[in-house]
Amino acid sequence: MKYLLSICLLVLSLFPLAGQSVRASVESSEVYLGQPFEYRIIIEGTTDAQVPELGTLEGITIRYKGASTSMVSSFGGGSSSSSKTITYTWSFTPLKKGTLIIPSFSIEVDGKVLKTASGTITVKSPEPIEGFHLFLETDKKEYWEGEPIILTIKWLFSSSVSNPVFNIPFLNSQLFTTESQVPPPGNDVFKLNIDGLDVLAMQTAEIYKGQQYSSLIFGLKLLPEKSGPVKLGPITLAFDSAERSSGFRTSYKSSVIPSNQLDIEIRELPSLSDYTQNSPVILSDGPLQIKASANPQRVHIGDPLTYIISVLQSVSPESIELPPLNFYEEMEKSFSIPQRRSPGKVEGDQVIFSQTIRVKNGEVDKIPELQLQYFNIQSGKLETALIPFVELEVLETEVITSANLESTGYTVNESDDKNELVSNDEGLLYNFSTEKLLKRFDRDRKSVLKNPLYLLFFLIPLVVYSALVIYKYRAYLLSLFRFRRESSDFTRIYNELINAKEIDQQVLRK
């Protein structure tokens, strides 16, 4: 009986596992290069399961889309049972054509490890489709290292479309740093997410080969990281296009089209000077323009002033870095320059640099003219631009010590042979060069009292305040006045009665 009970418990514990299964499925065994497709893992009869880890697959990009759960209940024989099914979904995008192998994956279900079956996918090259076109465009074919490449991606379509998915292999490569470009104002703008990059695309209309198309256009700014030949594209676009309509319903079919390919040459910059080796070189489309100013231009020795340099006509203002000011010997000799400085502030097509400096000596009459090297992409040469000088008016500064402070005590009388101490009560007011700005109040008290304007300044608030007090307590003051008047009348009547009584008594005595 004991063994029979143990066998029954073992059978009951294994019963849920008997209905568990794991399988994998794909939408189609044939897809186009760059066309996303869904890969699913379905776990049936589970009570607990973790999200499977797929790792990395060669030739395929993977993006997890989420999970869904369903419950199936059955009744019969006086009992009921339920089963849970979990479906995990990923988006797979093939990056190369040919046969791709999807391996078997191990899944832990209720403490047990189950495996999916492996399979293969055939990836075909997309082909052009009538009525749909995808173009890559740049303004030229040769760029210098560090020069931004403005890439325009244009999609032309002649019928209703939906769910566009762009596959741009070089977007997250090590060849470029990629930024999205803002479309010009006045257009219908749509937001797309391409491999984690938010892109703003504008919709418009265009004539191509005599036929009118709707178009979706967006721009990417590519900053090349190294020199050499680069192939841009072809990229692919997967989308759903309207096929036919019946009544109020329209059916769609999935399509994939390729773009053209661009062959670009990234030319290496020539050797640069010392200060540009540790910072990006400034690239300019023509002669570089520089402005300089200072605020204020009239300073004492040691006073802070803000030195401002504006650089215009650079091809990439946000990447400009100026050499430190202490790199210039003439600046180091005449000015105190802190190590810390603020980054450049981009305003339109210019970048503005500002730094606080201090004049060291009275011989300085200007911020000197400085030289700045840059690379002219038009001439293909390293050239020199001049940062113009800024005139300054530098005033001498007196050094104030503790002996100059007011009420410091005594100083030595140098005219006396005995070197006796004499009282020094002039202090800062006497020694400071701007003594006209400082006045002692106790010296001007009498003049304040003699000035009628000062008297009015003090008396008007006092009169106004007194009037407000009288107005607020007027009822109380009137009652006091009436009481005192009534009291005086009562006293007068009382005194008259006393006098009359005394007169009556005198008459009676007589």
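## The largest cavity

Strand 27 gives the largest share of the lining of the largest cavity: 3 residues. Strands (E, at least two residues) and helices (H or I, at least four) are DSSP runs, numbered from the N terminus. This is a predicted model: local features need pLDDT of at least 70, side-chain atom pairs count only at pLDDT 80 or more, and totals for chains, interfaces and linings use all residues. Residues are numbered from 1 along each chain as its sequence is written, and side-chain values use heavy atoms, with hydrogens and water left out.

A cavity is a set of points, on a 1 Å grid over the protein atoms alone, where a 1.4 Å probe fits but cannot get out. Lining residues have an atom within 4 Å of a point. The count comes to 2 cavities of 30 Å³ or more. The largest cavity has a volume of about 140 Å³. A volume is the space filled by probe spheres set on the points, and grid points are joined across faces, edges and corners.

The largest cavity has 13 lining residues. Nearest its centre lie I309, L322, R341, F353 and Q355. Two elements give two or more residues to this lining: strand 24 (304-314) and strand 27 (350-359). By class, the lining has 9 nonpolar, 3 polar and 1 charged residues. Ala, Val, Leu, Ile, Met, Phe, Trp, Tyr, Cys and Pro count as nonpolar; Asp, Glu, Lys and Arg as charged; the others, Gly among them, as polar.

## The largest pocket

A pocket is an open set of points with protein on both sides within 12 Å along at least five of seven lines. The largest pocket has a volume of about 850 Å³. Its lining holds 32 residues, and P36, R63, S91, T93 and V165 lie nearest its centre.

Strand 13 gives the most to this lining, with 5 residues. Strands that each supply at least two residues include strand 3 (37-44), strand 4 (60-76) and strand 13 (161-167). By class, the pocket lining has 13 nonpolar, 13 polar and 6 charged residues.

## A mixed sheet

Which strands form the open sheet, and in what order? There are 3 strands, in the order 11-21-18, with mixed pairing. Two strands pair if DSSP finds at least two bridges between them. Strand 11 (142-144) and strand 18 (228-232) are the edge strands, each pairing on one side only.

Strand 18 pairs with strand 21 (residues 262-267) in the antiparallel sense, over 5 bridges. K231 stands opposite D263 in strand 21.
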